[in-house]
Amino acid sequence: MQIGIVGLGRMGANIARRLMRHGHDCVVFDANLDASLALGREGAMSSAALQDLVKRLKPPRVVWLMVPAGEATAQAVEELATLMAEGDTIIDGGNSFWKDDIARAKALRARGIHYLDVGTSGGVWGLERGYCLMIGGERNVVERLDPVFRALAPGAGEIATTPIREGRDPRPAQGYLHAGPNGAGHFVKMIHNGIEYGLMQAYAEGFDILRHAGDESLPEEHRLDLNLADIAETWRRGSVITSWLLDLTAAALAEEGDLASYSGHVADSGEGRWTIQAAVEEAVPADVLSAALYTRFRSRQQHTFAEKILSAMRKGFGGHVEPKS
């Protein structure tokens, strides 16, 4: 299929590359022309402006946005809406707020333009590992664009099949899901990221306790000198707490045991806050996720080893670099 990709940052460029590897034709644009030209040298068709990109696409056009959530996405959707025609599709693969998706889809529907919100997880590793996709929008549009989603998804890989799934939708077992109508994709991704906060916080606090097991404030006979890198490596194999986040933690600790190069200033990109908002609206207790979010706020005032663990994991999966204090 032919598809336009707008936004060629850490994930957008690799989404284009993965699609091209699977035989899809990509027309690309980024505000940084060098990024567009670089992908052009790899086989994509570069564009100098959104108008140029739309002209290069054959109807019915499909444009995948991978730009920062908020005003940047709103502006891109509005500009594309003036350039595209009935039957075309805009896909927002960023981390937009799910209620904004519902409003955008309604506005675009009046113009005859389809809209999909696609929660995209995979970070900087998606090119090789594939992207876990959570899709919201009209069923017939999702099914028509299945070749795109199938190419981006990781596939079953070496993960064992879940028992008793006979007769169910086969797509989740390949790493992508039609979650429901517009808004559902980003809602599911929002909760995914809220859970991510909680998991990361649990690892961070656990390793902080291990690190302080030898503190002089403890009775001498109770002090333990523990090798955190070796503990993390051991837990990766056969433990019930194995995960990709633990893999990243083990790699960070093996490289730098005290994580001295990290300040422990931990940013949040919005989804954690939205998750807590949803919990409040639904009157659902979310003790762990709330605490994890508030810890990130505190990390910007004072830093602990636990926050350095969080920073190391964020850098590992998403290439997130700590802001300068």
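**Briefing: cores, strands, salt bridges and a surface patch**

In this predicted model, the largest nonpolar core has 31 residues, of which I5, L19, C26, W64, L133 and F149 touch the most other members. A nonpolar core is here a set of buried Ala, Val, Leu, Ile, Met, Phe, Trp, Tyr and Cys residues joined through side-chain atoms within 4.5 Å, where buried means under 20% relative accessible area, exposed over 50% and partly exposed in between (1.4 Å probe, protein chains only). The largest share of this core, 5 residues, comes from helix α1 (residues 12-21); helices (H or I, at least four residues) and strands (E, at least two) are DSSP runs, numbered from the N terminus.

Because the model is predicted, local features need pLDDT of at least 70 and side-chain atom pairs count only at pLDDT 80 or more, whereas totals for chains, interfaces and linings use all residues. Residues are numbered from 1 along each chain as its sequence is written, and side-chain values use heavy atoms, with hydrogens and water left out.

- Leaving aside residues up to four places away in sequence, L19 touches I3, I5, H24, C26, V148, A151 and L152, a contact being heavy atoms within 4.5 Å.
- In soluble globular proteins, nonpolar side chains tend to be buried together.

**Strands**

- Strand β1 (residues 2-6) pairs with β4 in the parallel sense over 3 bridges, pairing being assigned if DSSP finds at least two bridges between two strands; in β4, L65 is the bridge partner of V6.
- β4 also pairs with β5 in the parallel sense, over 4 bridges, and in β5 the bridge partner of V63 is I90.
- From strand β4 (residues 62-65), V62 and W64 point one way while V63 and L65 point the other way, and all are buried.
- In a regular strand the side chains alternate between the two faces of the sheet.

**Salt bridges**

- The whole structure holds 15 salt bridges, each defined as a side-chain nitrogen of Lys or Arg within 4 Å of a carboxyl oxygen of Asp or Glu.
- D92 and R104 meet through their side chains in a salt bridge (3.9 Å, N to O), and because D92 lies in strand β5 (residues 89-92) and R104 in helix α5 (residues 98-109), the pair ties together parts that are 12 residues apart in sequence.
- D92 counts as buried because its relative accessibility is 0%, and R104 likewise counts as buried, at 13% relative accessibility.
- The side chains of K99 and E281 form a salt bridge (3.0 Å, N to O), which links distant parts of the chain, with K99 in helix α5 and E281 in helix α12 (residues 271-282), 182 residues apart.
- K99 is partly exposed, with a relative accessible area of 35%, whereas E281 is exposed, with a relative accessible area of 54%.
- D169 forms a salt bridge with R171, their closest N and O atoms being 2.8 Å apart; D169 is partly exposed at 29% relative accessible area, while R171 counts as buried at 13% relative accessibility.
- A network of salt bridges links E233, R236, R237 and D247.

**Surface patch**

- W235, V240 and I241 make a nonpolar surface patch of about 300 Å²; accessible areas come from the Shrake-Rupley method with a 1.4 Å probe, and for residues only the protein chains shown count as cover.
- Patches are made of residues with over 30% relative accessible area and no salt bridge, like charges being joined within 9 Å and nonpolar side chains (Val, Leu, Ile, Met, Phe, Trp, Tyr) within 5 Å.
- I241 sits in the loop between α10 (228-235) and α11 (244-255) and is partly exposed, with a relative accessible area of 34%.
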